[in-house]
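Thanks for sending this one over. Here are my notes, in the form of numbered points to read beside the coordinates.

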Amino acid sequence: MKIVVRTPNWLGDCIMALPVFRELRRKFPDSEIVAACRKNVADCFTASRYVDRVIAAPGKGAGFSEYLGSIRELRAESFDIGVLTTNSFATALWLFLGGVKRRIGFARDGRRILLTDAFTPTPDILAAHQGEYYLHVLQALGITAEMGLPELELAARSLQEAEQVLAGISLRGKAYAVIAPLSAFGGVKDWGNEKYGEVAGRLAAEFELEVLLTGTAQQAKIIDGIVSGRERVHNMAGRLSLSGFMALLKGAKLYIGGDSGGAHTAAALGVPTITIFGITEPSRTKAIGKAVVVVGEGGVCTPDLKDPAVQRAAREALDAITPEQIILRARELLEFTAERGTDEAKNCD
C-alpha cells in the first residue's frame, strides 16, 4: 500500500506534524509512506526515519504548467491513501485531481466534497495543541495516539555542512548558543533586535559561549546590526541549508527565539530551548521537547496576525518581556541540564 501525506507549509508546523508519520508507520509497517511538501521544508522530512521519500507539492505561487505537471506526477504514483494535515481547499483538490483513492482530512474551507473521509473538528480539537490536531485526522484509519516527541535524525552530509561552516569562522569544537531573532511574520512575533543583541552579548560574557545568530540570506543585513560591536557574537544568516541549520542546532548548548520554526526544530533535536511568546498561545504552539522553557503568557489561540489590534496587543506583550528574564531562564536551564541532562528537564518551565 502507498500512503501520501500532504504536509504543512511552515517549518514549525512540519515539526509538529512529524508524529503523524510515526503513527502511520506503526499502523502500516509494510507500506510506503511519502511526504508531499514544498521544497523549502523537504529536509525536515528526509530527517525522519518514518518517511520513505519526499515528493514536491505545488506552492501557492505555482503556475498552471507546474501545477498540472504535479497532478500528472501524483496520478502516476497511484496512492491508496492521502492524509491532509493542511486545511485548504487547494490541497484537497490536489489529492482529488491526483487520483488518490482515499482522501482523509478535516472538513474545512468548503472541501468536504473532495474528501472520502471528512471530519468536522470539534471545539476541543481546535483548541488542542497543533501536533494533537494533526493526529486527530488519523482516526479515520483507526489510529488514536498521543503526540509524544517529534523525532529528527540528521544525515552525515548535514553534520558535515555545519562543521565546515563553523570551521570557516574558527568555531569548530567551541561551545555555542543559537539565537533566531527574526521570524517570517515580522514584528508581530519578533521580540526586538536590541533586546536580542543584549542577550547575545550577555550569553557570550557571562556564560562564555559563542553566540550564533541565524536567519535567511535576506535577513543578513538586519542581523549584522545586532551582531555589530559584540565580541563572540556571529552572524550566520544565509550560510546554511535547512539541513545544515538543523545540524547547527543539534550541536548547540542553548537555543533562544520566538514562536517559530527554529524553536520547534531545536526542541525536537533535544536542545535546551527558550521560546519567547507574545500574542500566540503556548498551549497550542509550544515547542515539544525534553528541555523547553516558555517566556510570555501568550493569549490568543488563533490570532489573525494581520489584524492591527492583534499586532498592537502582540507588541505590548513582547515589550513587557525583559532581557533579564531571558538571562535568568537561560541560567536556570543551562544549570539544570548540566546537572541532570535533558532527559529529566521536561517540566523545567
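Which residues does Leu-24 touch, not counting residues up to four places away in sequence? I start there, with the reminder that this is a predicted model.

1. Leu-24 is in contact with Ile-3, Val-5, Ile-33, Leu-138, Leu-141 and Ile-143, once residues up to four places away in sequence are set aside. The largest nonpolar core has 63 residues, and Leu-24 is among those touching the most other members, together with Phe-45, Leu-138, Leu-141 and Leu-248. Helix 1 (residues 11–27) supplies the largest share of this core, with nine residues. Another core, of 33 residues, lies apart from the largest one; Tyr-196, Val-199, Ile-223 and Ile-256 are among its members. As background, nonpolar side chains tend to be buried together in soluble globular proteins.

2. Six strands with parallel pairing make an open sheet in the order 3-2-1-4-5-6. Strand 3 (53–56) and strand 6 (117–119) are at its edges with a single partner strand each, so one side of each has no neighbour in the sheet. On average, neighbouring strands here are turned by 20° against each other, direction ignored. Helix 4 packs on this sheet and touches strand 1, strand 2, strand 3, strand 4 (81–84) and strand 5 (102–106). The direction of helix 4 makes about 175° with that of strand 4.

3. For a look at the pairing itself, take strand 1 (residues 2–6) and strand 2 (residues 32–37), which run parallel and are joined by five bridges. Lys-2 has Glu-32 in strand 2 as its bridge partner.

4. Thr-7 deserves a look too: this residue sits in the loop between strand 1 and helix 1. Thr-7 counts as buried because its relative accessibility is 1%. Beyond residues up to four places away in sequence, Thr-7 touches Cys-14, Phe-21, Ala-35, Ala-36, Cys-37, Phe-45, Thr-85 and Thr-86.

5. On to a helix pair. The axes of helix 3 (residues 64–77) and helix 4 (residues 89–97) come within 8 Å and cross at roughly 50°. The two helices are therefore oblique to each other. From helix 3, Tyr-67, Ser-70, Ile-71, Leu-74 and Arg-75 take part in the contact, meeting Ala-90, Leu-93, Trp-94, Leu-95 and Leu-97 of helix 4. Sorted by class, this contact has eight nonpolar residues, one polar and one charged.

6. A second sheet to trace is also open, with six strands in the order 9-8-7-10-11-12 and parallel pairing. Strand 9 (233–235) and strand 12 (292–295) are the edge strands, each pairing on one side only. Neighbouring strands of this sheet are turned by 20° against each other on average, direction ignored. Strand 8 (residues 210–213) runs parallel to strand 9, and three bridges join them.

7. Is Val-165 buried or exposed? With a relative accessibility of 16%, Val-165 counts as buried, because the cut-off is under 20%. This residue belongs to helix 7 (residues 156–168). Leaving aside neighbours within four places in sequence, Val-165 is in contact with Met-236, Arg-239 and Leu-240. Val-165 and Arg-239 are 74 residues apart along the chain, yet their C-alpha atoms are separated by 7.5 Å.

Note on methods
Residues are numbered from 1 along each chain as its sequence is written. This is a predicted model: local features need pLDDT of at least 70, side-chain atom pairs count only at pLDDT 80 or more; totals for chains, interfaces and linings use all residues. Side-chain values use heavy atoms; hydrogens and water are left out. Axes are lines fitted to C-alpha atoms, for helices over the stretch in contact, and angles run from 0 to 180 degrees between N-to-C directions. Helices (H or I, at least four residues) and strands (E, at least two) are DSSP runs, numbered from the N terminus. Angles under 35 degrees count as roughly parallel, over 145 as roughly antiparallel, 65 to 115 as roughly perpendicular and the rest as oblique. Contact means heavy atoms within 4.5 Å. Ala, Val, Leu, Ile, Met, Phe, Trp, Tyr, Cys and Pro count as nonpolar, Asp, Glu, Lys and Arg as charged, and the others, Gly among them, as polar. A nonpolar core is a set of buried Ala, Val, Leu, Ile, Met, Phe, Trp, Tyr and Cys residues joined through side-chain atoms within 4.5 Å. Buried means under 20% relative accessible area, exposed over 50%, partly exposed in between (1.4 Å probe, protein chains only). Two strands pair if DSSP finds at least two bridges between them.
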